[in-house]
Amino acid sequence: MCFDIEIKVANACAMVRTSKIVKELNGDFFSILVDESADIADKEQMALCLRYLDKQREVKERFFSIIHVRDTTSLTHKDAIAKVFMKFSLTFLRLNGQGYDGTSNM
């Protein structure tokens, strides 16, 4: 029971943080940085970071999301990124660059 509450609080905090990042991004261009690894349960996961300039034109790199994926193929990663973009109203038209670490098939 307590664990369920902790998960809900953590998810709420994550939503607030990502929403603030999207607001700071303000529809401008951004880049993504992607890395994948297996978690302690040996499930594949993908970490997504955004890199962008803030209003003061300073470079910001922010952890944005971690997504569990079924495998590490490029199509799976693309689909996972598209879902995150859709969830936060980000667009591939504003995607200025991409960086992948440990993703040789990208």
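## Burial and surface

In this predicted model, 28% of the protein's 106 residues are buried. The accessible surface amounts to about 7400 Å². Carbon and sulfur atoms contribute 56% of that surface.

## Fold and dimensions

The protein has two helices and four strands. Read from the N terminus, these elements follow the order α-β-β-β-α-β.

Of the contacts in the protein with a separation of 6 or more, 51% are accounted for by residues 24 or more positions apart.

## Charged side chains

There are 15 positive and 15 negative side chains in the protein. The centres of these two sets lie 9 Å apart.

## Loop residues with positive phi

Most residues other than glycine have a negative phi.

Asn26, which is not a glycine, has a positive phi near 55°. This residue sits in the loop that links helix H1 (2-25) to strand E1 (30-38).

Ser89 is likewise a residue other than glycine, and its phi is positive at about 55°. The loop that holds Ser89 runs between helix H2 (74-87) and strand E4 (95-101). Is Ser89 buried or exposed? Ser89 has a relative accessible area of 69%, and because the cut-off for exposed is over 50%, Ser89 counts as exposed.

Key: Residues are numbered from 1 along each chain as its sequence is written. This is a predicted model: local features need pLDDT of at least 70, side-chain atom pairs count only at pLDDT 80 or more; totals for chains, interfaces and linings use all residues. Side-chain values use heavy atoms; hydrogens and water are left out. Buried means under 20% relative accessible area, exposed over 50%, partly exposed in between (1.4 Å probe, protein chains only). Contact means heavy atoms within 4.5 Å. Accessible areas come from the Shrake-Rupley method with a 1.4 Å probe; for residues, only the protein chains shown count as cover. Lys and Arg count as positive and Asp and Glu as negative; His and the chain ends are not counted. The place of a charge is taken as NZ of Lys, CZ of Arg, CG of Asp or CD of Glu.
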